[in-house]
Amino acid sequence: MGLPALRAFYWRFIGYILLEILAVYFTLKQLFSKHSKLTHSKTHRNLTAIVTGGLKGIGLEITRQLLQRGVTVITASLKKDTDHDTLKDLQTKYKDKIVTNLTINLGSLDSIKKFVEQFTDLGLPVNILICNAGVMIPPYMETEDGFESQFGINYLGHAYLTHLLLPHLRKAGTPDCWARVIFVASSVHYGGELRFEDLHGRVCYSPERSYMQSKLACVTLALLLDRRLRAEGAAVAVSAVDPGVVRSSLYQFAQWYHFSGPAWPLLLTTAQGSDCAVFAGLAGQLEGRGGLYIENCKPAAPNPLATDQLVQETLWRETKRLLGIESTW
Ligand SMILES: NC(=O)c1ccc[n+]([C@@H]2O[C@H](COP(=O)([O-])OP(=O)(O)OC[C@H]3O[C@@H](n4cnc5c(N)ncnc54)[C@H](OP(=O)(O)O)[C@@H]3O)[C@@H](O)[C@H]2O)c1
């Protein structure tokens with residue numbers, strides 16, 4: 001075994017152990033904590049939300065909760081055929097509410113652009129954008145644009161979508177009803193680092209490290225965007241949330257997934273996993289407040305790298321370069 005292979009093996013091993021330790025620690029933490037959720041059932045009939053991955057897993061439950069509270073929901077979903085039945089069920093169940101799906105592939109900048117064009121044609125505002133869709137620890141794959149899949153889908157795709165929707169968000173936010181952007185991150189972002197010299201893991205790929213990096217990037221971007229938008233005077237608040245450790249198909253690539261049945265009851269249901277994002281999207285006490293990392297419906301301290309302004313600026317510069325964004329920020 002040569003030196004590069006040994007190094008790759010070492011980092012894979014470190015990434016794997018770190019992610020497992022964090023997952024076990026946060027599972028135990030949530031087992032011994034009282035689960036919190038938004039309790040008031042005020043209706044929000046004039047609000048429109050976009051939920052990426054809004055027809056499956058945690059995203060589907062976010063969609064349900066928003067519909068129950070009277071919010072118009074546009075789901076941004078990848079698979080047309082399987083999603084169709086779920087969408088029909090929602091439309092039947094919440095007859096008086098509006099729910100529509102527009103297809104998006106967050107691994108394709110073209111598809112994201114098309115999604116925003118189609119959304120713009122609907123003539124709706126965007127009061128709440130929930131960047132929820134994601135993939136976890138797949139084998140090395142690249143998106144249509146040549147980005148490592150987790151960094152590309154979880155982070156860059158959502159960064160691009162948010163960037164394209166900023167004019168809509170700025171327009172929708174008012175002093176008494178700010179627009180809100182919520183990145184569904186993860187507690188494992190604490191194990192992340194932003195490897196600017198190898199963001200796509202081409203030199204050394206560890207699926208676990210790439211996942212943790214993609215979630216750290218989401219938290220970092222949320223804090224940077226909130227600061228920039230606030231400085232500009234826009235009524236748009238940006239935060240990141242941890243949904244908890246939730247049983248869902250996100251774990252399909254985990255080695256223990258197929259024989260982990262007995263551990264499943266220890267995890268949150270997808271309905272519980274949706275509570276923190278719904279809280280961040282609707283809670284009255286968060287009006288005008290952003291730049292937060294929210295865990296179990298309470299602000300928590302994120303990974304210190306995410307609050308470091310030099311790290312934020314470097315990430316944003318690199319993000320703009322990769323996405324071809326021209327911005328004076
Ligand atoms: N489950 C957990 O314990 C946990 C913990 C922390 C954070 N999270 C985060 O919570 C979010 C939701 O995860 P989940 O547990 O609900 O997982 P899930 O059930 O696997 O749902 C993931 C969603 O992302 C969508 N998606 C994947 N690739 C996409 C792409 N290229 N373009 C558009 N959509 C895409 C999927 O669509 P298709 O089904 O059509 O592929 C699906 O709707 C993720 O961001 C995840 O990282 C989950």
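In this predicted model, the ligand is surrounded by 28 residues. The closest of these are Gly53, Gly57, Ala133, Gly134 and Ser248. Sorted by class, the shell around the ligand holds 13 nonpolar residues, 13 polar residues and two charged ones. Two helices, helix 2 (57-68) and helix 5 (149-172), each provide at least two residues of this shell. Helix 2 contributes the most, with three residues.

The next topic is the packing of helices. Two packed helices are described by the distance between their axes and by the angle between those axes. For helix 1 (residues 3-31) and helix 6 (residues 207-232), the axes come within 7 Å and cross at roughly 55 degrees. On the side of helix 1, the contact is made by Trp11, Gly15, Tyr16, Leu18 and Leu19; on the side of helix 6, Glu208, Arg209 and Met212 take part. By class, this contact of helix 1 with helix 6 comprises five nonpolar residues, one polar residue and two charged residues.

A single residue may now be considered. Glu117 is located in helix 4 (residues 109-122). Is Glu117 buried or exposed? Within 10 Å there are 11 other C-beta atoms, so Glu117 is exposed; the cut-off for this class is 12 or fewer. Glu117 and Leu164 are 47 residues apart along the chain, and their C-alpha atoms are separated by 9.5 Å.

Definitions and conventions: Residues numbered from 1 in each chain as written. Predicted model: local features only at pLDDT ≥ 70, side-chain atom pairs only at ≥ 80, totals over all residues. Near = placed C-beta within 6 Å. Helix = DSSP H or I, 4+ residues; strand = E, 2+ residues; numbered from the N terminus. Nonpolar A, V, L, I, M, F, W, Y, C, P; charged D, E, K, R; others polar. Axes fitted to C-alpha atoms, helices over the stretch in contact; angles between N-to-C directions. Contact = placed C-beta atoms within 7 Å. Buried ≥ 20, exposed ≤ 12 C-beta atoms within 10 Å, placed from the backbone.
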